[in-house]
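Please read them with the coordinates open beside you.

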Amino acid sequence: MTVETTSAAELDAKDPLASLRGRFSLPGSVIYLDGNSLGALPVGLAERLDRVIRHEWGNRLIRSWNEANWYELPLRVGDRIAPLLGVGAGEVVVGDSTSVSLFRVLAAAAQLRPDRQVVVTERGNFPTDLYILDGLRQLMPHLEVRFWNESEPLVNSLRGAAVLMLTHVDYRTGRIRDMRSLSAAAHEAGALTVWDLSHSTGILDLDIDRDGADFAVGCGYKYLNGGPGAPSFTWVAPALVDVASQPLSGWFGHKDPFAFVPGFEAASGIQRFLTGTQQVLSLASLDEALNVWEDVSMHDVRKKSIAQTERFIAGVERECDGRGLALLSPRNSEVRGGQVSFEHEEGYRIMQALISRGVIGDFRAPNVLRFGFSPLYVSFADIDRAVDILAEIMRSESWKQPQFAAKQTVT
Ligand SMILES: Cc1ncc(COP(=O)(O)O)c(C=O)c1O
């Protein structure tokens, strides 16, 4: 029996992760397929924040920087993310948005190759990654951008390259880039690698040091469930971290922030990738959200993720045959991350119709319907129900109702 022919009830009964759904607070009326954009609310997180706000901040005030270890949060939370990346304690720091973290590591990587000019990336990279690169080029005008086209061997693009900057799982298609072989090609050409792990962390079984990353960043609010605007993480290979310097050299990255001395001297280790005062409330949320991972094997997560995306693809292709939905994600599960994307020229309206029926995915311009499956809280029964509702919307063409055409600011 395959994942497509076994009943959802049987798959859910055998699922070693099934009980984790109880660790999340999700409205009963919703099938949530957008954990790759904003993860669900963990049970206990609101109470933790309430405690941080009322007790640590309200009662203890500034004393909490020491008493409640607020100061340690970026490294402490980093230590909890480290196992999900396959790296060691003390190697990851958490703070600021992914865009800001990317700026820091990209600048650091480029500065480690001062005699080279080229940053190799992909045109289809997540837009903020390319915008940040453009911004950095205003300050380092010698940098050139070279776009790698995946139909060509990467090595052709790497001549004279300083940095290879890639996103590991494509946000539109869900395609996984082969970190190990691409990093090896970059190193062979003398370049350093910067990986954006926003769509990989908490869904793929990662071992980024073994696979040749030199620098990595990623979001805290997607599969890690840290909440809207949760801070990002930064990892730098231990062999490089103490020779790397980043340009946002604020006091929290100083070796002795409370000495208040003139002149910046970087802290040793990953702490030097901090800039200013940390986002204590957001860090506390992410810290709380990370509790669930202590009971989770990434091997189980990946196995369930593959089974779920397989089942969804098979269901949609069977039930919506002839309705104009074309699979955009790779069919081969080995190179597909935790999301499934379909193209349809009326994708926006179809997604709005789905959301109105309680199936929440998202839309990416110009025509992509994106469904993300967080194995911690999505069941196989959810998948079958989502397929049924999508099929019903496509059959009845209810997406043509005018209210589904109204464009929202955030899609
Ligand atoms: C691949 C990727 N990189 C970066 C970002 C942006 O991160 P931030 O808004 O934290 O800067 C996103 C957001 O969805 C993303 O998908």
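1. In what order do the seven strands of the open sheet with mixed pairing lie? The order is β4-β10-β9-β8-β7-β5-β6, and it should be read with the caution due to a predicted model. At the edges stand β4 (92-94) and β6 (144-147), and because each has a single partner strand, one side of each is left without a neighbour in the sheet. With direction ignored, neighbouring strands of this sheet are turned by 20° against each other on average.

2. Three bridges connect β4 with β10 in the antiparallel sense, and Val92 has Trp235 of β10 opposite. Helix α4, which spans residues 73-85, lies across both β4 and β10, and the helix runs at about 125° to β4.

3. Phi of Asn225 is near 65°, which is a positive value in a residue other than glycine.

4. The ligand site deserves a look at the level of single residues. There are 13 residues around the ligand, and those that come nearest are Thr98, Ser99, Asp196, His199 and Lys222. By class, the shell around the ligand divides into three nonpolar, seven polar and three charged residues. Two helices, α5 (98-111) and α6 (127-139), each supply at least two residues of this shell.

5. In the side chain of Tyr221, an N or O atom is 3.1 Å from an oxygen atom of the ligand. On its own the ligand has 400 Å² of accessible area, of which the protein covers 84%.

6. A second open sheet, with four strands in the order β11-β12-β15-β14, has antiparallel pairing. Its edges are formed by β11 (326-327) and β14 (362-364), each of which has a single partner strand, so one side of each is left without a neighbour in the sheet. Helix α10 (residues 298-319) packs on this sheet, touching β11, β12 and β15 (368-372), and its direction makes about 25° with that of β12. The antiparallel strands β11 and β12 (residues 339-343) are joined by two bridges, and the bridge partner of Ala326 in β12 is Glu343.

7. The β14 and β15 part of this sheet has a helix of its own to consider, together with the loop that links the two strands. Helix α11, made of residues 347-356, lies across β14 and β15 and runs at about 40° to β15. The loop between β14 and β15 holds Pro366, and the peptide bond that joins Ala365 and Pro366 is cis, with omega at about 5°.

Definitions and conventions: Residues are numbered from 1 along each chain as its sequence is written. This is a predicted model: local features need pLDDT of at least 70, side-chain atom pairs count only at pLDDT 80 or more; totals for chains, interfaces and linings use all residues. Side-chain values use heavy atoms; hydrogens and water are left out. Two strands pair if DSSP finds at least two bridges between them. Contact means heavy atoms within 4.5 Å. Axes are lines fitted to C-alpha atoms, for helices over the stretch in contact, and angles run from 0 to 180 degrees between N-to-C directions. A residue is near a molecule or strand if one of its heavy atoms lies within 4 Å of it. A polar contact is a pair of N or O atoms within 3.5 Å; within protein, one must be able to donate a hydrogen and the other to accept it, and residues adjacent in sequence count only if both atoms are side-chain atoms. Accessible areas come from the Shrake-Rupley method with a 1.4 Å probe; for residues, only the protein chains shown count as cover. Ala, Val, Leu, Ile, Met, Phe, Trp, Tyr, Cys and Pro count as nonpolar, Asp, Glu, Lys and Arg as charged, and the others, Gly among them, as polar.
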